[in-house]
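Please look over the model below with the following briefing beside it.

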Amino acid sequence: MTIDKYAKRPKAEIAPQEGKYEIYNLQENPFPSQPFVNPESNDQRINGKIYETSIRKQEYKTIEENFLSVPQSDPNHLRLGYVMDVSYIGRGNGKTAFLTNLLRKINKDFSLSISNELNKCFAVIVAPEPSGKTKTFDDLVDLITDRIFESNIIDDCLVSLRLEAIFELYENFSAEKHFQDELEIKKKLNSPEWYKENNLDYGSINQKIISNSNLQSLPTNFPIYGSSTLFANISSEKDFVNYFIGLKRGKPRSEFLFSHLVNFFLAAGFNGAYIFVDDFAYIPDFQSERQKRDFAVELRTALFDGLSTNARMGFYNFIFVLHAGVPALIQPAWEQAGLEHRSPIFYRGNARHIIKFEKIQYEDALSLIQKYLQSYRISNVSNDDFFPFSKEAIERIAELNDLNASKILKMAYEILERAVEQNVREIDVDFVTSNDENHFAEQNNASGISEATTKDLMKEI
Amino acid sequence: MNPVAKQNYTPQAPRKFYFLDYIYILLKGVSLSNNQERIFDHFLDMKYQFRLGESKYKKITEEPTDSNESKYKMVKYRYTFNQVLSEANDYKLIKQENSLISLTKDGINALQIYEQNGSVEFNCFLFRMMEEKHQLPFRYLIETCYQVNQKNSGLLIFPIYSANRLGFERDSLKTSADLIKYLQSLQNRMEEDISKNLGKTINLTQQNNELIERLLKEGLLPVNQSDEFDSSKYNSIMKRSRDFWLKYFLQGIYSFKFSLDSFEIWAYRAKQIGLLQITEFYPDPLLYGKIAYPLSVIRPKMNSTDFKLFCQYSDGMNLYLHQPSINDEDKQNSFAKLLHEKYLEVRYTAKTYFVNLLNVKERVCYAMKISEHLFDKFLSYSYHKKGLQIKISLEVDNRRQPKELSSLDYVRREPVMIDGKPRNIIAIDLA
């Protein structure tokens, strides 16, 4: 028998390698290599978790003052606003990151704390397809409803409704006794076995729910009614999805979103919702003038003066994210549809419903970089320390990229990688400048003058 | 193709200033006073107003000149003033009697043309005098362009590549051998550019060796290749090489009989008149430096209505300026189409919705062979026209630069004025 298997040690010893960013007091390269925000990602560099709130403090304040903290019960509360990028630097100014963080903040407790408990609102972000698939108002209705389903707010509403009904019917019911956390609440309230085990009659609970005044005008096949006949059939979000798919496009679906769902949300205790349409331009970009006009008219009807529940009370508050060229695109349509009166896009001075997104300043660029650096520091340093970058180097990066937040982060990533490769001690302005020139030389997608077609004047007669 | 006449005389050198507006402001000064010193004062005031400097670009801002102005600047300004005075004298726009200066009939006429019809008309008026007095410098320019590059419609290139552009980091250039490597790389790149753009194969080895010889002789480059060069001399070395090659391109390859300075001034004046385009900002991702191309032809006859007869020479040849009419609907449509096409080209690289209008402008001007001034007119027309197939958005993007980082005193690329507002970015959609 050989005991080498247990007794012998390997000849090659593994020496722990120093992380290649360790010399810079960083765990990893803190910057995103492709800086567009993807909220689904697990990487905090990409999903918007690393976020410097000071940069867009003013913009947040404007939204808070004019939208979030205004009571939904105020009949004049703003129903349509615009986040307007006035910087002309194209994509990368931080709008999606801003929205993602705003969404998190609102949905943390459904804006109860932001509004001092005057409102209970949820928020969703919708993004029209860059391919131009979202062309009509009906397409937008589909998109919004899909996002509402994906956000699981329906499930949350069902939970609220059931809990409320249970509390009303069973005085001695103790929430702490049955539920440890949010996940458990959802799981148990969706399980028929749990009701049986705890002697709770689901049938009467559901009866209580549908007796809510807000739910009286719903069609009889609305999913909330689904479970009163069969005990085993507790309605869930899936039922809502299937119901919606079964509806015809156009009026039935529009009614579902703007009336029936609104009633359902009201019953569940919500008094409003924020719908952020990111990259709104992808809609009018592909519309003819006629289509833009029709869209604007339908929007006006749904938001302001139609017969839907939403139009009557302004449940949904829309905020369109526009870049600088969009107002010109949609202005004639907005005017013709009368939307310019309700929510003007062209406005001199400061309007309450327009949140201007300017270019970030140089100080913001520094804060931005600092935020990312700090998230990956091995040992803490002061706010003034941008090691391995010099302050001037960061300012130069900002300048070279036109103060475009997205491009600044991308370049910071690339420069840091290069610095590691070349074993550079400190990243100063010269290092940044030399990086830029080479980088530029690689971007030769456009045709040069030798390939450009030109009129040959000599051939003219 | 019509034959191009060959010239066997050398045009004279111009006076040393670029902007033809200088002649206007001088005439204006003379109309206000006959006293040379007073005229000089007016000259300085208007020079500031018009943002004219001693370079080919207009100034961003300038402090109004006062007596505290540095002596050096004043010497420069007075030199320019005297140059302008001499030239105006040459063209008999002014007359000097004793120490008093006054306008001639032609001078009064010129003043009126500027004030009533604008600077471009004024420049065209001056053209005749410049052409006559200096022995046909503009004809010489245009004819030589076509002679040099028949294949590519008279395009001239003047490549300039810094060490960085060719992939050499400043820090890595230490020894004589390093610099020689850079110069070799420069030679190769220029040979490629010549082949691509001029359709010729030219070996620049001999020239490159000559350059290196000179640098060695002047002590800028150490003889021993492994020795380090004096790093404080780096900029001088670069400038020397740049000027060497520019001169070689101008006089060696293109056989111009001008000096570099004269060529520059005549070419930029031709640009102001609309006869030729010269620019260092054509958005070519690989070619850096200056390019020039003619916007006119020299012919005995031209039937096309897109050309305007600009000048008749004594030997029966005529200078025709390419000036398609804005009122021609076909031209409007092809302009709009081309504008959209070039916008998409620029947008493809920029990946933003709004792109640099001036880059689009360079491409459209080259494609259509029209002057920058004509482009502005076409753009303004299309911008306002209803029923066009495209919708044009024009805005201005004001870059903010911290004072420490800004080294630009000159606006190298002027925005386009539309409706009295400057525009430098553009976006286009289908209507």
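In chain A of this predicted model, buried residues make up 52% of the 461 residues, where buried means under 20% relative accessible area with a 1.4 Å probe and protein chains only. The secondary structure of chain A comes to 19 helices and 5 strands, which are DSSP runs numbered from the N terminus (helices are H or I with at least four residues, strands E with at least two).

Basis of the values
- Residues are numbered from 1 along each chain as its sequence is written, and chains are lettered from A and ligands numbered from 1 in the order in which they are written.
- Local features need pLDDT of at least 70, side-chain atom pairs count only at pLDDT 80 or more, and totals for chains, interfaces and linings use all residues, while side-chain values use heavy atoms, leaving out hydrogens and water.

Helix H2 of chain B
- This helix, residues 36-49, has 14 residues and reaches 20 Å from its first C-alpha to its last, close to the 20 Å expected at 1.5 Å a residue, a span that is 1.5 Å times one less than the number of residues.
- Among the buried residues of H2(B) are Ile39(B), Phe40(B) and His42(B).
- Just after H2(B), Arg51(B) takes a positive phi of about 60 degrees.

Helices H8 and H9 of chain B
- Two packed helices are described by the angle between their axes and the distance between the axes.
- H8(B), residues 205-217, and H9(B), residues 234-253, pack at an angle of about 145 degrees with their axes 11 Å apart, where axes are lines fitted to C-alpha atoms over the stretch in contact (heavy atoms within 4.5 Å) and angles run from 0 to 180 degrees between N-to-C directions.

Notes. Buried < 20%, exposed > 50% of the residue type's maximum accessible area, 1.4 Å probe, protein only.
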